[in-house]
Amino acid sequence: MPTTVALSMPTVPRARRSPEDVAAAAPVAGPKKVLLASPRGYCAGVDRAVIAVEKALEHYGAPVYVRKEIVHNKFVVSTLEEQGAVFVEETDEVPEGSLLIFSAHGVSPAVVESAQARELRTIDATCPLVTKVHREAVRFAKSDYDILLIGHDGHEEVEGTSGEAPEHIQVVNSPDEVDQVVVRDPDKVVWLSQTTLSVDETLETVQKLRERFPSLQDPPSDDICYATSNRQTAIKKIAPDADLVIVVGSANSSNSVRLKEVALEYGARRAERVDFANQVDEAWFEGVATVGVTSGASVPEVLVKDVLRLLADYGYGEVEEVVTAEEDVLFSLPKELRARLTAAGDTSHRLGGRGARPTR
């Protein structure tokens, strides 16, 4: 089994103010408590992708190359690097014949072809929900639809989906861009979306698109993934009662950034995003009675526990878990890896998802 590496958190170049100093600066009326969102943290697609890298290292040995970050989380990437994973931007950085893993965000057909040209052995760790969007794009392109992909230009997932049918797809970044959309036939238009967007903003964009194109067709099923939607629902429940919301997640994690935005939109007095507990500024606690805590879908629970320990040091020892959904989704590991595990008689961790393995 791969060894879990415990990494020290980045140092903060300042001395922390004591709980007493914070309390003196702005006394808090009433008891202090934490509202802990559930669901939070790892989704099935992220867990599957991380296990895929761990298992590849275990069975193939280091180095194992990964195109882009396997998931958007600094701690996860650093931990896998310590185990022997090498993260690259493009396939031409990988020695010919090496093993390359495609990240959970998916890749375009051009990237697959580039890997084949270099005779790379590949494992596709694309989240199955992202793969679903890719297949929808291909199907609608074959039917000669104009595809309006709601998402963020430059995000790996959007690049991968757009690459499936670049001549049919145009990206719509926000409701403000709807007026700029030009299609060939207003009666043959469909919208798809990046899986990690704000549910509310996506619906606003769709509404504006439908005002321009009344025949706009919906995707066969929701493109925004269950985990993104569930985490946003949970923070919506907490936000009105929170003086401060702390979102654990990396800056390049779309769903983590959206959680901060949703918290503010739904009534939190303040919301902040951190990668690690020692990035929390204790000044945020001044006058704060209730702290909401959640984490993005690529965040391991150990990072949330670090934040809760810090909060306890400052008097927020009472933790109430606010549960808005139960998740039991499991995904099989990539088929290329399953074949290797079967040949080796390895029956451990054949699935990724909630409950598939204990949190570290």
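Tutor: A cavity is a set of grid points where a 1.4 Å probe fits but cannot get out. With that term in hand, we may turn to this model, which is predicted.

Student: How many cavities of 30 Å³ or more does the structure hold?

Tutor: The structure holds two of them.

Student: Which residues lie nearest the centre of the largest cavity?

Tutor: Of the 23 residues that line the largest cavity, those nearest its centre are Cys-43, Val-46, His-105, Thr-196 and Asn-255. The elements that contribute two or more residues to this lining are helix 2 (44-60), helix 5 (128-142), helix 8 (226-238) and helix 9 (254-265). By class, the lining of the largest cavity comprises 11 nonpolar residues, 11 polar residues and one charged residue.

Student: What is the make-up of the lining of the second largest cavity, by class?

Tutor: That lining divides into two nonpolar, seven polar and two charged residues. Among its members are Ile-150, His-152, Asn-173, Glu-201 and Arg-258. Helix 7 (residues 199-212) supplies the largest share of the lining, three residues.

Student: Let us proceed to helix packing. How is a pair of helices described?

Tutor: Two packed helices are described by the angle between their axes and by the distance between those axes. Here, the axes of helix 2 and helix 3 (residues 74-83) come within 10 Å and cross at roughly 10°. Angles under 35 degrees count as roughly parallel, so helix 2 and helix 3 are roughly parallel to each other.

Student: Which residues make the contact between helix 2 and helix 3?

Tutor: Helix 2 contributes Val-50, Val-53, Glu-54 and Leu-57, while helix 3 contributes Val-76, Leu-80 and Gln-83. In terms of class, five residues of this contact are nonpolar, one is polar and one is charged.

Student: In what order do the strands of the sheet lie?

Tutor: Four strands form an open sheet in the order 3-2-4-5, with parallel pairing. Strand 3 (85-88) and strand 5 (121-124) are the edge strands, each pairing on one side only. From one strand to the next, the twist averages 30°.

Student: How many bridges join strand 2 to strand 3?

Tutor: Four bridges join strand 2 (residues 64-67) to strand 3, and the two run parallel. As an example, Tyr-65 has Val-86 in strand 3 as its bridge partner.

Student: Which strands does helix 4 lie across?

Tutor: Helix 4 (residues 109-117) lies across strand 2, strand 4 (99-102) and strand 5, and runs at about 175° to strand 4.

Notes: Residues numbered from 1 in each chain as written. Predicted model: local features only at pLDDT ≥ 70, side-chain atom pairs only at ≥ 80, totals over all residues. Heavy atoms only, no water. Pairing = 2+ DSSP bridges. Axes fitted to C-alpha atoms, helices over the stretch in contact; angles between N-to-C directions. Contact = heavy atoms within 4.5 Å. 1 Å grid on protein atoms, 1.4 Å probe; cavity = no way out; pocket = protein on both sides within 12 Å on 5 of 7 lines; lining within 4 Å. Points joined across faces, edges and corners; volume = space filled by probe spheres on them. Nonpolar A, V, L, I, M, F, W, Y, C, P; charged D, E, K, R; others polar. Parallel < 35°, antiparallel > 145°, perpendicular 65-115°, else oblique.
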